[in-house]
Amino acid sequence: VQLQASGGGLVQPGGSLRLSCAASGKLFSIGYMGWYRQVPGKQRELVAITTSAGSTNYADSVKGRFTVFRDNAKKSVYLRMDSLQPEDTAVYYCNVGVRRHLFATTTDYWGQGTLVTVSS
């Protein structure tokens with residue numbers, strides 16, 4: 001299973017970006033799908049996550065500004081980021097829990113990371 005993330009870039013404060021992450025390869029089902037971010041010298045932190053049941057959870061710092069959503073048919077997860085601030089600058093990683101076959105346990109997969117820079 002591979003994850004391909006895209007959509008990062010440079011944006012001015014107050015701007016918006018949408019990140020995308022698509023899973024490919026042989027798999028049976030996808031459970032949770034979400035996004036983390038990391039800045040140099042700090043631990044990777046959860047930004048937003050959505051479960052297969054459709055529930056979502058957000059970091060307090062992004063509530064009301066970011067929206068996570070998924071397209072199960074496309075095996076993809078997205079992160080809509082509005083009102084971006086310089087403190088949102090980080091490398092963003094998608095994270096997906098996958099069962100590769102019916103009797104498999106869930107395995108954690110990570111995308112390659114996409115850089116988001118918020119600066120004027």
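**Close-up views of a predicted model**

**View 1. Trp110 is partly exposed, at 36% relative accessibility.** Please keep in mind that this is a predicted model. The structure contains two aromatic pairs. In the pair shown here, the ring centres of Tyr36 and Trp110 are 5.0 Å apart and the planes meet at 65°, so the arrangement is edge-to-face. Because Tyr36 sits in strand E4 and Trp110 in strand E10 (residues 107-110), this pair ties together parts that are 74 residues apart in sequence.

**View 2. Phe69 and Tyr78 form a stacked pair.** Their ring centres lie 5.1 Å apart with the planes at 20°, so this pair counts as stacked.

**View 3. The largest nonpolar core has 29 residues.** Trp35, Val47, Phe66, Leu79, Met81 and Tyr92 are the residues with the most contacts inside this core. At least two core residues come from each of several strands, including E1 (2-6), E5 (45-50), E7 (66-71) and E8 (76-81). Which strand gives the most? That is E9, with five residues.

**View 4. Here is Val47 with its contacts.** Leaving aside neighbours within four places in sequence, the residues that Val47 touches include Trp35, Phe66, Leu79 and Tyr92. Among its other contacts are Tyr36, Arg37, Asn57, Tyr58, Ala59 and Val62.

**View 5. Arg65 and Asp88 meet in a salt bridge.** Their closest N and O atoms are 2.8 Å apart. This pair links distant parts of the chain, with Arg65 in the loop between strand E6 (56-58) and E7, and Asp88 in the loop between E8 and E9, 23 residues apart.

**View 6. Asp60 and Lys63 form another of the five salt bridges.** The closest N and O atoms of this pair are 3.1 Å apart. Asp60 is exposed, at 63% relative accessibility, and Lys63 is partly exposed, at 48%.

**View 7. Arg80 and Asp82 are joined by a salt bridge of 3.0 Å, N to O.** Asp82 is partly exposed at 24% relative accessibility, and Arg80 is partly exposed at 35%.

**View 8. Phe28, Leu102 and Phe103 make a nonpolar surface patch of about 360 Å².** Phe28 belongs to the loop between strand E3 (17-24) and strand E4 (29-38). With a relative accessible area of 43%, Phe28 is partly exposed.

Terms used
Residues numbered from 1 in each chain as written. Predicted model: local features only at pLDDT ≥ 70, side-chain atom pairs only at ≥ 80, totals over all residues. Heavy atoms only, no water. Patch = residues over 30% accessible without salt bridge, like charges linked within 9 Å, V, L, I, M, F, W, Y side chains within 5 Å. Areas by Shrake-Rupley, 256 points an atom, 1.4 Å probe, with all protein chains shown as cover. Salt bridge = Lys/Arg side-chain N within 4 Å of Asp/Glu carboxyl O. Helix = DSSP H or I, 4+ residues; strand = E, 2+ residues; numbered from the N terminus. Buried < 20%, exposed > 50% of the residue type's maximum accessible area, 1.4 Å probe, protein only. Core = buried A, V, L, I, M, F, W, Y, C linked by side-chain atoms within 4.5 Å. Contact = heavy atoms within 4.5 Å. Phe/Tyr/Trp six-rings, centres within 6.5 Å; stacked < 30°, edge-to-face > 60°.
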